[in-house]
Amino acid sequence: EKGGYKHFMLKEIFEQPRAVRDTIAGRLREEAGDVYLEDLSLNDEQLNGVERICIIACGTSWHAALVGKFLIEEHCRVPVDVDIASEFRYRNPVINNKTLVMLISQSGETADTLAAMRESRRRGATCIAICNVVDSSIAREADGVVYTHAGPEIGVASTKAFVTQLVALYLFTIRLGRARQIMDVERGRKMIAALVRVPALMEETLKLNEQVEKVARNYLHARDFLYLGRGMNYPIALEGALKLKEISYIHAEGYPAGEMKHGPIALIDENMPVVVLVPEGDNYEKVFSNMEEVIARGGRVIAVCSAGDEEVKKKVEVALEVACEDDDDVNPIILSIPMQLLAYHVAVLKGTDVDQPRNLAKSVTVE
Ligand code: M6R
């Protein structure tokens, strides 16, 4: 049932273009520059009444939430807070009936996320969920759902569920922006067009597999890794670090690249590989100079950059060239792939149990 792949994780990584197509399928209204979310259950008037959005999740789903904040604030101009479920529920959060609480959960059974939803509802918030498992507890109890159609995810390390969560957030952003009329038809159409191109770009990016395997061989003895990104790619750096920790048991940290100089730069030496997400786009120059700071201190950089970026290539030890979009908003989806492949190959070479890493469960139903 692994379809010829050595592990479920690798199968699921390669399934991602299909998973993204399925999550988009039937939901686009290209002419209107809008999307149709069949189970969202909130009309334009309700979406207009929202004053604030809180996105709550755990682990990888929390990383998706961080990308969601960027998308929603940029395109819908609604303030968004992102919380880790186990933190949220033990605070005294400011939530009322004008707050839209969004829970993100692959399994729909994560105890902390479920409890955060129940607490939010008690305080009068409307709750919607982004879930992969139909009829899961979170999906059932929420007022509305945007299902990701990733299909069953077996590998404990989330891959296709994550990228489809990003797609669901992107779709939700279009819906919210159009409902609130802050996004015009043209912008909606452009966003849809960019999304439609994503699966093919992912297929292109999956061709990095062999190169990444070779790269992994040169770095698997490192004790620590640093992952750097800025803006929407900062959560992708966090996700890359989490993937590596989970399945290879190598310590890794994700950091916003601009925050390096406030401390972590002291860690840089020739023993610590630094993965830098430096695609062309909004933050390019800034990240590029952060990368130069790392190199100047003897750091070994694995850059993930846009295809054909000679400037980056001549500076770094390894460049993983990715087929990015001009549109920054979809790049986190594509850049997730080299993150997943790097963690996967390091883990395989180290001989760990990739699909069922030690101490971890697929869904965490205890607090
Ligand atoms: O099912 P959920 O999305 O609620 O799960 C949340 C986390 O437990 C999950 O993302 C976890 O971090 C994964 N092992 C990540 O690969």
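Author: Contact here means heavy atoms within 4.5 Å. The model is predicted.

Reader: Which residues of α8 and α9 are in contact?

Author: In α8 they are Val163, Val167, Tyr170, Leu171, Thr173, Ile174 and Arg178, and these meet Val185, Gly188, Met191, Ile192, Ala194, Leu195 and Met202 of α9. By class, eleven residues of this contact are nonpolar, two are polar and one is charged.

Reader: Why are α8 and α9 called roughly antiparallel?

Author: Helix α8 (residues 160-179) and helix α9 (residues 185-206) pack at an angle of about 170 degrees, and their axes are 10 Å apart. Angles over 145 degrees count as roughly antiparallel. The two helices are therefore roughly antiparallel to each other.

Reader: What span should helix α12 have, and what is the distance between its end C-alpha atoms?

Author: Helix α12 (residues 284-296) has 13 residues, so at 1.5 Å a residue the span should be 18 Å. The end C-alpha atoms of α12 are 18 Å apart, which agrees.

Reader: Which residues of α12 are buried?

Author: Buried means under 20% relative accessible area. In α12, Tyr284, Val287, Phe288, Asn290, Met291 and Val294 are buried.

Reader: How do you know that they are on the same side of α12?

Author: They cover an arc of only 160 degrees around the axis, so they lie on the same side of α12. Glu285, Lys286 and Ala296, on the other side of α12, are exposed.

Reader: What covers the buried residues of α12?

Author: The cover includes the strands β8 (224-229), β10 (273-278) and β11 (300-306), as well as the helix α13 (310-313). Just after α12, Gly298 has a positive phi of about 85 degrees.

Notes
Residues are numbered from 1 along each chain as its sequence is written. This is a predicted model: local features need pLDDT of at least 70, side-chain atom pairs count only at pLDDT 80 or more; totals for chains, interfaces and linings use all residues. Side-chain values use heavy atoms; hydrogens and water are left out. Helices (H or I, at least four residues) and strands (E, at least two) are DSSP runs, numbered from the N terminus. The expected span of a helix is 1.5 Å times one less than its number of residues. Buried means under 20% relative accessible area, exposed over 50%, partly exposed in between (1.4 Å probe, protein chains only). The arc is that of the directions from the helix axis to the C-beta atoms. Axes are lines fitted to C-alpha atoms, for helices over the stretch in contact, and angles run from 0 to 180 degrees between N-to-C directions. Angles under 35 degrees count as roughly parallel, over 145 as roughly antiparallel, 65 to 115 as roughly perpendicular and the rest as oblique. Ala, Val, Leu, Ile, Met, Phe, Trp, Tyr, Cys and Pro count as nonpolar, Asp, Glu, Lys and Arg as charged, and the others, Gly among them, as polar.
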